[in-house]
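The following report concerns the model shown below.

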Amino acid sequence: MPVAKKDIISRLQKDILLWQGFTPAMAGKAKGIGLGPLEAAFPNGVFPTGTIHEMICPTPEHTAATGGLISGLLTRLMKQGGVCLWVSMHRQLFPAALAGYDVEPHRVIFIDVQREKDLLWAMEEALKCEGLAAVIAEVREISFAQSRRLQLAVENSKVTGFLLRNDPRKLGSTTCVARWQITPLPSQTHDDLPGIGFPRWQIDLLRVRNGNPGSWKLEWIDGNFIPVEEEKAAQINLQERIAG
Amino acid sequence: MMNKRFISLWFRHLLTDWFTLRRPEFKALPFVFASPVRGRVMITATNELAEAQGVTTGMTAADAKAIIVDLQVIDDIPGQADKLLKALGEWCIRYSPLIAADLPDGLLLDISGCAHLWGGEREYLKEIVTRLRSKGYDVRGAMADTPGAAWAVARFGKVKPIIPPGEQADALLPLPPPALRLEPLVIERLQKLGFYTIKTFMGMGRSVLRRRFGQELLLRLDQALGNVDEPLQLLHPIEPYSERLPCLEPIRTATGIEIAIKTLLEKLCHRLQGEGKGVRTAILKCYRVDGHVISADIGTNRASHHIDHLFKLFELKIPTLEPALGIELFTLEAPKIDDVDPEQEVLWQSESCGLDDTDLAELLDRLANKIGAGSIHRYLPQERYWPERSIKPAISINEKPQTSWRKDRPRPSILLPRPQPIEVTSPIPDYPPMLFIYKNETHHIKRSDGPERIEREWWLDEGEHRDYYQVEDQDGRRYWLFRSGHYAGSQSGQWFIHGFFA
């Protein structure tokens, strides 16, 4: 009898996930976004596209790191020749930098709005447009109702949205599927050569709906996210300490 | 071909009527407009009272004052008649779309196919004339097959104002030569020779008339008779692609305007679809009861004859349309149209859209119409090293990059619009600083790459070159710094921060 109950519960949970828009990974369709172990944090172990992700960038350094991560994700999302929209009020992203992540910058359309109100409107309109690879918006404030509107828009169009929140004091609850924070980490060069190594970030998933929040360290190497091997990193630290 | 009909309206006292409307106290006074011509003050317009006492235009003001002692002489306003006629023409647009100002004191309306909407030609003309008279203008109107005949009958006709189709020749016969819109010199010569009516010379040989009175007389005669077509200088040239929607009742609600826009778009798009064309710009004009015209315009990135899409663009503009007492006429014009790229049937629905996708173009149209086309940017690579100039804005959505994007040099994710000065400690020449202070925070540099020297484009601006360093501080935050100019001991070049790396 308890076994049967467990079955029922797990089936119900699967149903709930389905109703919430998380389709289980099909055997043939599982592509992954290339985030490696991080993807296990999401429901069904798949990076959810067609939803909205929230990324917290309190400082320009965070924004730069987030820009790097998003560029890496865009490489995957725009693989089929899609177009991406970047909506912002005070844009600082340098389009030429995207080329370093194998994203063609001319396939990114920047919408530079004057007012916060227009920003959310523009994002909602863009999210309704089927076939866009991704829509990224830099927002200071968003209410639960507003995020709900965006969520409804993507549920029909299956466009992936990213909200960059640059004011961490104004974080309310939103309908976003995950809340990220990307912090730059000191890079490591191979064999301790001088110079700067590959970009390395600490990726904190502060909140994941129906998933498991956690913290990961990734490096961007030759167009791939590579998890940082902690032991190796520790070893290098040890060596440094001995040397120092 | 449809039989053409024209109305000529003659404002007998255009300027003075207008002046009386503005200054009612002049209603009971004889007054004239006058302007100096070669040292003499000549009368350019008179009102009815002055005219009744024998004052006519072309007199000198002094002579007129001798006739009427208390005659008021008002300075002529240059260009006022033109302005008034244009305004009256705009008002008349409710009767016909084809209206021409007929200087100095008339209007010409091409009313082909309009009269039946008002229940016949007599009612139509009566409606126009009574409405204008009730506004306060002393107006005479006549209707004929040609503008010339209508003009003549409006000014010189004595029997009936409506000349039935094909009878303009009979109507012209008893009229005097000035009814043919001739030069004063020709009129004088005709009168000298005793031609007091058109009848007396109409039957004469053309070569004789040409030799005596010039080509102009023949042309005017032919125009009045309808042998030669007379094009009108229309106030509103008809756009080849335009639709009209007159309303029985004035429209005052947003829903009403929506329905009107939809109806117009359906008509326009149906035609465009047939011709394989699409709208690039469209203007909606709403003629209000109070005489004002309000308009809204839209533009598209790609030619479109998609009704829903165009309606969505107009929908954003509806709140700006102020109907006031009501709108009685809507017109929709498409001044700019383009061929529509025929949409190919898609065999395999691709998962995402490219830059040439219709959905994307429609999305950008909506954004451009709401927040301005200037807020949409796309960048193409430019073969220049100077970071600020390494990208250029794309002109159109279809513009392709001429060169490929450079990937060999590291470029920061965030580039500051202007490099910000920083304080540094840099002991060794050609080395990055040990630490730098930016926004009151000290960053100890642990790792660095560089320098990458970028020379200024001397043909554009003068100044020092930049030596860029990619640096990483104690917390792993990566920056793009540069020194302006060479390292030169204590007077070393200023350091700047220019970007943030991922």
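## An enclosed helix in chain B

The buried residues of H1(B) are covered by elements that include strand E1 (6-11), strand E2 (31-37), strand E3 (40-46), strand E4 (72-75) and helix H4 (80-92) of chain B. Helices (H or I, at least four residues) and strands (E, at least two) are DSSP runs, numbered from the N terminus. Helix H1 of chain B spans residues 14-22, and seven of its nine residues are buried, so it is largely enclosed by the rest of the structure. A residue counts as buried if 20 or more other C-beta atoms lie within 10 Å of its own, as exposed if 12 or fewer do, and as partly exposed in between, with C-beta atoms placed from the backbone. Among the buried residues of H1(B) are B:Trp18 and B:Phe19.

This is a predicted model, in which local features need pLDDT of at least 70 and side-chain atom pairs count only at pLDDT 80 or more, while totals for chains, interfaces and linings use all residues. Residues are numbered from 1 along each chain as its sequence is written, and chains are lettered from A and ligands numbered from 1 in the order in which they are written.

## Nonpolar cores

A nonpolar core is a set of buried Ala, Val, Leu, Ile, Met, Phe, Trp, Tyr and Cys residues joined through C-beta atoms within 7 Å. The largest has 95 residues, and A:Cys84, A:Val87 and A:Val135 have the most contacts inside it. Helix H2 (residues 60-77) of chain A gives the most to this core, with seven residues. Apart from it lies another core, of 61 residues, including B:Phe33 and B:Ile198.

## Contact between the chains

In all, 46 residues of chain B are in contact with 45 residues of chain A, contact meaning C-beta atoms, placed from the backbone, within 7 Å. H14(B) supplies the largest share of the chain B side, six residues. That side divides by class as follows.

| Class on the chain B side | Residues |
|---|---|
| Nonpolar (Ala, Val, Leu, Ile, Met, Phe, Trp, Tyr, Cys and Pro) | 21 residues |
| Polar (the others, Gly among them) | 11 residues |

Strand E3 (residues 108-112) of chain A and E12(B) run antiparallel and are joined by three bridges. One bridge pairs A:Phe110 with B:His377.

## A loop residue in chain A

A:Asn212 lies in the loop between strand E7 (200-208) and strand E8 (214-221) of chain A. A:Asn212 is exposed, with 10 other C-beta atoms within 10 Å.

Note on methods:
Contact = placed C-beta atoms within 7 Å. Pairing = 2+ DSSP bridges.
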